[in-house]
Amino acid sequence: MIRLTDAEKTYENGTRAVRGISFQIDDGEFVFLVGPSGSGKSTIIKLLTGEIVPTGGRVMVNGFSMSRIKQKQLPLMRRTIGVIFQDFRLIPGRTVYDNLALAMRAVGASPREIRARIPYVLELVGLKGKENNYPDELSGGEQQRVSVARALVNNPSTIVADEPTGNLDPARSLEIMTLLERINALGTTVIVVTHERGLVNHFNKRVIYLDSGRVVGDATGTYEGVAPQ
Amino acid sequence: MKNLGYFFKEGARNMFSHGFMSFAAIGVTVACLLIMGTFSLVAYNANENLADLQRENAMVAFVDDSLTESRAKGLQSKLEKVDNVADCTFVSRQEARDAYVAEYDEDDMYKDLAPEVFRHRYVIHLTDPDKISETKLLVEEVAGIDEVRADEVISAGFITIRNVAGVISAALIAILLMVSLLIISNTIKLTTFDRREEIAIMKMVGATDSFIRWPFVFEGLLLGLFGAAIAFGLQWLLYVAIANGIGNSDTMQLLEVVPFRKIWQPVAGIFAGAGVVIGVGGSLMAIRRFLKV
């Protein structure tokens, strides 16, 4: 479960990116985080992944308090979250299999566990048979699927996707979002930051609308239904 | 520990993927270790030669004229009990006279020299030549000893030379160690910079700092050990060549060079140790900054 209570984030240069935000995302939910540029979406993602700490209020992520989390606990917290980036962030010199294996090895998985898990996850994201391909041999959509597979491979309770379709054409974008919806159906919480109205409207999920560091809309439905008029 | 193979493989992969920088790092490590090693071995050999000279610089204790030869001989056990006395040899006045005459055997005027001109004496060697002054005082206190001669000025000179060589050697070692450390650190920095994205991804999926750090530590370790191994081989060749040169030289015959086969084990150990310190230290210095994600 994710809960923000009067969360604040003011950067060292004085920019108040998040101004007293409160919301809760229950286990198993699918949530779109939307809003214009500079609305605080990326700051919230960074707060959830522990890249930055809140300057006020409380941020709870899967039982960890992000304002009081110790450096040693950070890896444990991050193992509960799978992150998907707009630019995929795959390691170019490693095969699809190795990209996933690295993520598993990093959390202490044994070679046997790695050998058993990776084919299952690759099948789940529709990349069976691509194990030995390098990222630059794959299309953008396929690379993003690898990124999804990497986020999934350690079986996290939450997936955070930061503009996952930003670099994809509409057809591939729909494929990725459908994939995330399928993952959500298996019980994983999914939070998607996006600015693509069409996709948000297509899935009819909970939408949290941010503007100038504040929540200005929070409801299930369409982008236009949540955005302030 | 289950990831040991992975860390080693990654370390080796990093090393070969930055072939030129690794080559440069190993080259600089070899050069630094070779200079360090050569200077240390020169200092070691100088120290050994000086120690020999110091040992030869024995103390002479003259026995009181009033004591008979048998009573003079009786002082041996008392002298041997004096602190810092390694050994003492009795030389009778007759033996002293004979040695003196033999030294000047071309000069007939000493042939009729009476043994009574000389005194019974003991030639004393010390365990620690640095304590020559204190030992001289103790020997003088032994009843029946009339006078003690010890060349403290020569002894002090030996100590000064040895200490200066030691200080220069230590300073050079410290400077060259730092240079090697910085070069290895820069090589690892390049690797970590090249892999910063990978490090960030590993952090993001929940890797601990130690999991990220170990491959770089192994890379540094391998660079340091490769450098140490090559430096050791070259040091061996250089040492043997210099030793042969000194052995064949007419002017440097006095110098005694310790054979390399007698010292190769400690030298190898020191080179390996220095390689590990340089490699691991350098990589730890380099990786620190990149772990803050």
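In strand 3 of chain B, V91(B) has R121(B) as its bridge partner. This pair belongs to strand 2 (residues 85-91) of chain B, which pairs with strand 3 of chain B in the antiparallel sense over 6 bridges. Two strands are said to pair if DSSP finds at least two bridges between them. Helices (H or I, at least four residues) and strands (E, at least two) are DSSP runs, numbered from the N terminus. The structure is a predicted model, in which local features need pLDDT of at least 70 and side-chain atom pairs count only at pLDDT 80 or more, while totals for chains, interfaces and linings use all residues. Residues are numbered from 1 along each chain as its sequence is written, and chains are lettered from A and ligands numbered from 1 in the order in which they are written.

Strand 3 (residues 121-126) of chain B also pairs with strand 1 (residues 59-63) of chain B, in the antiparallel sense and over 4 bridges. Here M59(B) stands opposite I124(B).

Helix 9 (residues 209-248) and helix 10 (residues 260-287) of chain B have axes that come within 7 Å and cross at roughly 150 degrees. Axes are lines fitted to C-alpha atoms, for helices over the stretch in contact, and angles run from 0 to 180 degrees between N-to-C directions. The two helices of chain B, helix 9 and helix 10, are therefore roughly antiparallel to each other; angles under 35 degrees count as roughly parallel, over 145 as roughly antiparallel, 65 to 115 as roughly perpendicular and the rest as oblique. The crossing of helix 9 and helix 10 of chain B is right-handed. A crossing is right-handed if the near helix is turned clockwise from the far one by less than a right angle, and left-handed if anticlockwise. The contact of these two helices contains 23 nonpolar, 8 polar and 2 charged residues. In this classification Ala, Val, Leu, Ile, Met, Phe, Trp, Tyr, Cys and Pro count as nonpolar, Asp, Glu, Lys and Arg as charged, and the others, Gly among them, as polar.

Elsewhere in chain B, V142(B) lies in the loop between helix 6 (132-140) and strand 4 (145-149). V142(B) counts as partly exposed because it has 16 C-beta neighbours inside 10 Å. A residue is buried if 20 or more other C-beta atoms lie within 10 Å of its own, exposed if 12 or fewer, and partly exposed in between, with C-beta atoms placed from the backbone. Leaving aside residues up to four places away in sequence, V142(B) touches L75(B), K78(B), L79(B) and V82(B). Two residues are in contact if their C-beta atoms, placed from the backbone, lie within 7 Å. V142(B) and L79(B) are 63 residues apart in sequence, yet their C-alpha atoms are 7.2 Å apart in space.

Chain A has 8 helices and 10 strands. Of its 229 residues, 43% count as buried. Among the contacts in chain A with a separation of 6 or more, 64% involve residues 24 or more positions apart.

In chain A, 4 strands form an open sheet in the order 2-1-4-5, with antiparallel pairing. Strand 2 (16-25) and strand 5 (64-65) of chain A stand at the edges, each with a single partner strand, so one side of each has no neighbour in the sheet. Strand 4 (residues 56-61) of chain A pairs with strand 5 of chain A over 2 bridges, and M60(A) has S65(A) as its bridge partner. Helix 1 (residues 41-49) of chain A packs on the sheet and touches strand 1 (2-10), strand 2 and strand 4 of chain A; its direction makes about 115 degrees with that of strand 1.

Helix 3 and helix 5 (residues 140-152) of chain A pack at an angle of about 25 degrees, with their axes 9 Å apart. Helix 3 and helix 5 of chain A are therefore roughly parallel to each other. In this contact V96(A), N99(A), L100(A) and A103(A) of helix 3 meet V146(A), A149(A) and R150(A) of helix 5. These residues divide into 5 nonpolar, 1 polar and 1 charged.

Between the chains, 15 residues of chain A are in contact with 13 residues of chain B. Helix 3 of chain A gives the most to the side of chain A that touches chain B, with 4 residues.
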